[in-house]
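Let's take a walk through a protein model together. Have a look at the sequence and the structure first, and then we'll go through some of its places one by one.

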Amino acid sequence: MRTITLIIIHCSATRENQRYTAEDCKRDHLSRPGYKDIGYHFYIERDGKLVEGRPVEKIGAHCEYHNKHSIGICLEGGLDSQGRFADTRTGGQEITLIDLLAKLKNDYPHALIVAHHELNSDKPCPCFDVSEYRQLFP
Ligand SMILES: [Zn+2]
């Protein structure tokens, strides 16, 4: 079993008037050199549908320098209709994310919930404040 110290939250950087499903994301990742699967372990589509990506036992590909000990979750969205960074979480996504974080914190009680941008992104990924989830699941 891998040691998991971080649960890293991302967005797909998709405009809110467009779709970018887990299947779209997987297809794009598979087209990159060296990728054999979607880079994230979980993907939450706009309607709140949870799609399991890379198995949690496998190292993901979503956050440079931090993949080995982390789980990556991506929410579809993150840009407004003009392409500006925006909190586009839907109610369904919030419910699914909280359910998923509760389960993961049960399995990995010492893992810290963090935003991608808190580690190494030059973009504000995932375009919302994750500290509320860190307070819910310290
Ligand atoms: Zn990210």
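## Starting at Pro55

Pro55 counts as partly exposed, because its relative accessibility is 33%, where buried means under 20% relative accessible area, exposed over 50%, and partly exposed in between (1.4 Å probe, protein chains only). You'll find Pro55 in the loop between E4 and strand E5 (70-75); helices (H or I, at least four residues) and strands (E, at least two) are DSSP runs, numbered from the N terminus. Skip the neighbours within four places in sequence, and Pro55 is in contact with Asp37 and His41, contact meaning heavy atoms within 4.5 Å. Phe42 is 13 residues from Pro55 in sequence, and their C-alpha atoms are 8.8 Å apart in space.

Before going on, some ground rules. This is a predicted model, in which local features need pLDDT of at least 70 and side-chain atom pairs count only at pLDDT 80 or more, while totals for chains, interfaces and linings use all residues. Residues are numbered from 1 along each chain as its sequence is written, and side-chain values use heavy atoms, with hydrogens and water left out.

Now hop over to Gln82, in the loop between strand E6 (78-79) and helix H2 (91-107). Gln82 counts as exposed because its relative accessibility is 52%. Asn67 is 15 residues away from Gln82 along the chain, and 31 Å separates their C-alpha atoms.

Distant parts of the chain are linked here: His10 sits in strand E1 (residues 6-11), and Cys125, 115 residues apart from it, is in the loop between helix H3 (116-119) and helix H4 (131-136). His10 is buried, with a relative accessible area of 1%, and Cys125 counts as buried too, at 9%.

## Empty spaces

Rolling a probe the size of a water molecule over the atoms shows where empty space is left. On a 1 Å grid over the protein atoms alone, a cavity is a set of points where a 1.4 Å probe fits but cannot get out, and a pocket is an open set with protein on both sides within 12 Å along at least five of seven lines; lining residues have an atom within 4 Å of a point. Grid points are joined across faces, edges and corners, and a volume is the space filled by probe spheres set on the points.

| Space | Volume |
|---|---|
| Largest pocket | about 410 Å³ |
| Largest cavity | about 50 Å³ |

The largest pocket is lined by 19 residues, and the closest to its centre are His10, Cys11, Arg32, Tyr40 and His116. Helix H1 (22-30) and E1 each give two or more residues to that lining, and H1 gives the most, with three.

For the largest cavity, 13 residues make the lining, with Gly78, Thr88, Arg89, Pro126 and Phe128 the closest to its centre.

The buried residues of H1 are Ala22, Asp24, Cys25 and His29. They fall within an arc of 160° seen down the axis, so they line one face of the helix; the arc is that of the directions from the helix axis to the C-beta atoms. Glu23 and Arg27 are exposed on the other side of H1.
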